[in-house]
Amino acid sequence: MKKVLGIILGVSLLFAAAPAYAGDFGQCAGCHGPSAGGASGPKLVGFDKAYLTGKALEIMAGTRVATTPTGKSLIPVMAGTMKRLNNNNAAEIVAGSGLDKALDFVVAQH
Ligand code: HEC
């Protein structure tokens, strides 16, 4: 039993510590992978900041049309995460906001 509790504690510490290395991208990593290499959401590595910014604005504005089977249900969740990180602004990327930093993190993964 003690061993089991130890494993549970170890695993929870691992998860609690995980978002720190990814900075604000930690909120996106669950769907896009810890290094933006893709998971349930597509790979984001390899695109420049202008492309990612354009897509983020489409997603926050609600005009993004799903290109993947899971997209239809996940886009609204992603839009909410993006807006929260972007100080609830859907019209532009707020410089220095969590979303801005998350996009910088993705670009730095090249
Ligand atoms: C709930 C899961 C989820 C979360 C959280 C999430 N995304 Fe996504 N994201 C997706 C899915 C799914 C798609 C693809 C949607 C489609 O077209 O079907 C996507 C697409 C994208 C795209 C467009 C890629 C392209 O080539 O068109 C960008 C950029 C993006 N996400 C950035 C982010 C960022 C930055 C965050 C964190 C603020 C984030 N996402 C959080 C699931 C998520």
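**Ligand shell**

I began with the shell around the ligand and found that its largest share, 8 residues, comes from α4. I noted that the model is predicted, with local features needing pLDDT of at least 70, side-chain atom pairs counting only at pLDDT 80 or more, and totals for chains, interfaces and linings using all residues. Residues are numbered from 1 along each chain as its sequence is written. I took helices as DSSP runs (H or I, at least four residues), numbered from the N terminus.

I counted 26 residues surrounding the ligand, the closest being Cys28, Cys31, Gly41, Gly71 and Met78; a residue is near a molecule if its C-beta atom, placed from the backbone, lies within 6 Å of it. I recorded that α2 (26-32), α3, α4 and α5 (98-107) each supply at least two residues of this shell. By class, I found 16 nonpolar, 9 polar and 1 charged residues in the shell. Here Ala, Val, Leu, Ile, Met, Phe, Trp, Tyr, Cys and Pro count as nonpolar, Asp, Glu, Lys and Arg as charged, and the others, Gly among them, as polar.

**Helix spans**

I checked α4 and found 15 residues reaching 20 Å from first C-alpha to last, close to the 21 Å expected at 1.5 Å a residue; the expected span is 1.5 Å times one less than the number of residues. After α4, I noted Asn87 with a positive phi, near 55°.

For α3 (residues 49-61), I found its end C-alpha atoms 18 Å apart, which agrees with the 18 Å that its 13 residues should span. Gly62 follows α3 and has a positive phi, near 85°.

**Packing of α3 with α4**

I looked up α3 against α4 (residues 71-85) and read an angle of about 110°, with axes 8 Å apart. Axes are lines fitted to C-alpha atoms, for helices over the stretch in contact, and angles run from 0 to 180 degrees between N-to-C directions. The two helices, α3 and α4, are therefore roughly perpendicular (under 35 degrees is roughly parallel, over 145 roughly antiparallel, 65 to 115 roughly perpendicular, the rest oblique). Ala56, Ile59 and Met60 of α3 meet Ile75, Met78, Ala79, Met82 and Lys83 of α4; contact requires C-beta atoms, placed from the backbone, within 7 Å. I classed this contact as 7 nonpolar, no polar and 1 charged residues.

**Packing of α3 with α5**

I found α3 and α5 packed at about 140°, with axes 10 Å apart. That angle makes α3 oblique to α5. Lys49, Leu52, Thr53 and Ala56 of α3 make the contact with Leu99, Leu103, Val106 and Val107 of α5. I classed this contact as 6 nonpolar, 1 polar and 1 charged residues.

How values were computed. Contact = placed C-beta atoms within 7 Å.
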